[in-house]
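Work through the exercises below with the structure in view. Each task is followed by a solution in steps.

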Amino acid sequence: MGLFQSFNISASGMTAEQFRADIIAQNLANVNTTRTEDGTPYRRKVVAFQERGVNTFEQYLTQSKRRGGHIGNGVKVAEVGEDTTTDYIMEYDPSHPDADENGYVSYPNVNLVTEMTNLIDASRAYEANVTAFDASKAIAQAGLQVGK
């Protein structure tokens, strides 16, 4: 693995975790959005990561065998999807303008505790990538000092 490849791997991780934190912030900002442009409540967004440079599992296996079991190209955002497994939160409020005929309002499927936990996780992953980047930089600087 080259020196600059380790910088790229750490930088891709920092970029991906920053994007994940942005999506979490979007979820938190829309925790009370009962009507979007299409007329439905906001649906929680989730981020999926994937190794950079690999699109399928077969491609992963091929590249892994070719490189002796090591790939290490970094990470990228594969997709931003909607959480369709969690139901909307139904709350009784007949005075709300978005209440149904029974007086229930559908609130987004955003759980504050889950989102804050995910935000802490993204923050720690970002910090881990910064630490790896700093370690790579220290190794490079030590290598330059050997030549003196």
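**Exercise 1.** Does Tyr 92 count as buried or exposed, and at what relative accessibility?

Solution. The model is a predicted one. The relative accessibility of Tyr 92 is 52%. The cut-off for exposed is over 50%, so Tyr 92 counts as exposed.

**Exercise 2.** Describe the chain as a whole, from its elements to its surface.

Solution. Step one is the elements: the chain has three helices and four strands. Read from the N terminus, their order is α-β-α-β-β-β-α.

Step two is burial. The chain has 148 residues, and 27% of them count as buried.

Step three is the surface.

Step four is the contacts. Among contacts with a separation of 6 or more, 65% are between residues 24 or more positions apart.

**Exercise 3.** Find the aromatic pairs and classify each one.

Solution. A pair of aromatic rings is described by two values, the distance of the centres and the angle of the planes. Ring centres must lie within 6.5 Å to pair. By this rule there are two aromatic pairs.

One of them is formed by Phe 7 and Phe 133, with 4.9 Å from centre to centre and 40° between the planes, and it is tilted. Phe 7 belongs to helix H1 (residues 3-29) and Phe 133 to helix H3, so this pair ties together parts that are 126 residues apart in sequence. Phe 7 has a relative accessible area of 16% and is buried. Phe 133, at 25% relative accessibility, counts as partly exposed.

The rings of Tyr 92 and Tyr 104 also pair: their centres are 5.3 Å apart and their planes are at 65°, so the pair is edge-to-face. Tyr 92 is in strand E3 and Tyr 104 in strand E4 (residues 104-107), twelve residues apart, and the pair links distant parts of the chain.

**Exercise 4.** Which residues make the nonpolar surface patch of about 330 Å²?

Solution. The patch is made by Met 90, Tyr 92 and Tyr 104. A patch residue needs over 30% relative accessible area, so each member can be checked in turn. Met 90, in strand E3 (residues 89-92), has 46% relative accessibility and counts as partly exposed. Tyr 92 is at 52%. Tyr 104, at 36%, counts as partly exposed.

**Exercise 5.** How many residues apart in sequence are Ile 139 and Leu 3, and how far apart are they in space?

Solution. Ile 139 and Leu 3 are 136 residues apart in sequence, and the distance from C-alpha to C-alpha is 8.9 Å. Ile 139 lies in helix H3 (residues 112-146). With a relative accessible area of 62%, Ile 139 is exposed.

Key: Residues numbered from 1 in each chain as written. Predicted model: local features only at pLDDT ≥ 70, side-chain atom pairs only at ≥ 80, totals over all residues. Heavy atoms only, no water. Patch = residues over 30% accessible without salt bridge, like charges linked within 9 Å, V, L, I, M, F, W, Y side chains within 5 Å. Areas by Shrake-Rupley, 256 points an atom, 1.4 Å probe, with all protein chains shown as cover. Salt bridge = Lys/Arg side-chain N within 4 Å of Asp/Glu carboxyl O. Helix = DSSP H or I, 4+ residues; strand = E, 2+ residues; numbered from the N terminus. Buried < 20%, exposed > 50% of the residue type's maximum accessible area, 1.4 Å probe, protein only. Contact = heavy atoms within 4.5 Å. Phe/Tyr/Trp six-rings, centres within 6.5 Å; stacked < 30°, edge-to-face > 60°.
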